[in-house]
Each structure stands twice: as C-alpha cells, then as structure tokens.
Amino acid sequence: MENNTVNMEQIAMELIGKSGEARSLAFQALKAAKQQQFEEAASLMKQSESCSKLAHKVQSRLLFVESEGKKTEISVLLIHAQDHLMNSLLAQELIQELVELHQTIADRD
C-alpha cells in the first residue's frame with residue numbers, strides 16, 4: 001500500500017511540475033506578445049503545449065489505473081495536481097487568444 005501511495009505522490013508531483021511549467025511558459029509568451037515579439041511568443045506557446053501534453057500523459061496514467069478497476073486514493077495533493085492542470089490549460093487558452101489579439105492590433109498599426 002505504501003508503494004502505491006508513493007507512486008500516487010510521484011504522479012501528482014509530475015502533474016504539478018509539468019502543469020506549472022506549461023503555465024509559466026504561456027505567461028512568458030504573453031509577455032513576449034506585449035513586447036511585439038510574436039515569433040518568440042509562438043515558440044513559447046508551442047513549448048507550453050508540449051508540457052501540457054506531458055501533463056496529460058501523467059493524468060492518463062491515473063485514468064488507466066482506474067480503468068483497471070484499481071481505486072485511486074484521493075488526497076489533497078492529487079486534488080491540487082488536478083487543479084494545477086486545469087488552471088494551466090485555461091491560462092493557455094486565454095493567453096493564446098491574447099497573443100492573437102496583440103498580433104491583430106500590431107498588424108493594424
């Protein structure tokens with residue numbers, strides 16, 4: 001049982017780490033867009049998306065365990081990890097829109 005707990009803690013920490021990195025890169029992209037560095041912003045958003053894909057793979061491991069009929073012990077850490085992932089995904093979507101808005105405004109000038 002302790003082995004399973006450690007594994008879930010490791011999975012949660014991976015999820016938090018990759019989600020946090022994705023969010024951070026997205027905000028860096030927004031900063032670049034505000035400075036009209038649109039190629040840099042696009043590159044940062046791609047990196048952010050790559051981190052999100054890795055986070056999704058981590059999350060998929062949890063789903064796979066559940067699909068095998070093994071119950072996942074819910075902990076505050078795991079809830080926090082899921083919250084981190086969802087917030088980073090929302091930030092990415094909104095920031096992508098803001099980057100495009102900055103690009104549109106810059107193109108009009």
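This is a predicted model: local features need pLDDT of at least 70, side-chain atom pairs count only at pLDDT 80 or more; totals for chains, interfaces and linings use all residues.
Leaving aside its neighbours within four places in sequence, with which residues is Ile-11 in contact? Taking contact to mean heavy atoms within 4.5 Å, Ile-11 is in contact with Val-58, Arg-61 and Leu-62.

Residues are numbered from 1 along each chain as its sequence is written, and side-chain values use heavy atoms, with hydrogens and water left out.

Let me begin with confidence. The predictor's confidence in each residue is given as pLDDT, from 0 to 100. The mean pLDDT of the protein is 91, and 94% of its residues reach 70 or more. Confidence is lowest in α1, at a mean of 88, and highest in α3, at 96.

I turn to the overall architecture. The protein has three helices and zero strands; here helices (H or I, at least four residues) and strands (E, at least two) are DSSP runs, numbered from the N terminus. The order from the N terminus is α-α-α. The radius of gyration is 17 Å, well over the 13 Å that the globule rule gives for 109 residues, so the protein is more spread out than a compact globule. That radius is taken over C-alpha atoms, and the globule rule is 2.2 Å times the number of residues to the power 0.38. Along the principal axes, the C-alpha trace spans about 60 × 20 × 20 Å.

Among contacts with a separation of 6 or more, 78% are between residues 24 or more positions apart. The protein exposes about 7,200 Å², of which carbon and sulfur atoms supply 55%; accessible areas come from the Shrake-Rupley method with a 1.4 Å probe, and for residues only the protein chains shown count as cover. Of the 109 residues, 33% count as buried. Buried means under 20% relative accessible area, exposed means over 50%, and partly exposed lies in between (1.4 Å probe, protein chains only).

In soluble globular proteins, nonpolar side chains tend to be buried together.

Ala-41, in helix α2, is buried with a relative accessible area of 0%. Beyond residues up to four places away in sequence, Ala-41 touches Ala-29, Ala-32, Ala-33 and Val-99. The C-alpha atoms of Ala-41 and Leu-30 are separated by 6.6 Å, although the two residues are eleven apart along the chain.

Helix α2 deserves a word of its own. At 1.5 Å a residue, its 30 residues should span 44 Å, and its end C-alpha atoms are 42 Å apart, which agrees. The expected span is 1.5 Å times one less than the number of residues. Buried residues in α2 include Phe-38, Ser-48, Cys-51, Ser-52, Gln-59 and Val-65.

Ser-19 lies in helix α1 and counts as buried at 1% relative accessibility. Neighbours within four places aside, Ser-19 is in contact with Ala-55, His-84, Leu-85 and Ser-88. Ser-88, found in helix α3, likewise counts as buried at 1%. On that basis its contacts are Ser-19 and Arg-23.

Returning to Ile-11, this residue lies in helix α1 and is buried, with a relative accessible area of 3%. Ile-11 and Asp-83 are 72 residues apart in sequence and 14 Å apart in space, C-alpha to C-alpha.

Finally, the backbone. Most residues other than glycine have a negative phi, and most peptide bonds are trans. Gln-36 has a positive phi of about 60 degrees although it is not a glycine. Gln-36 sits in the loop between α1 and α2 and is exposed, with a relative accessible area of 51%.
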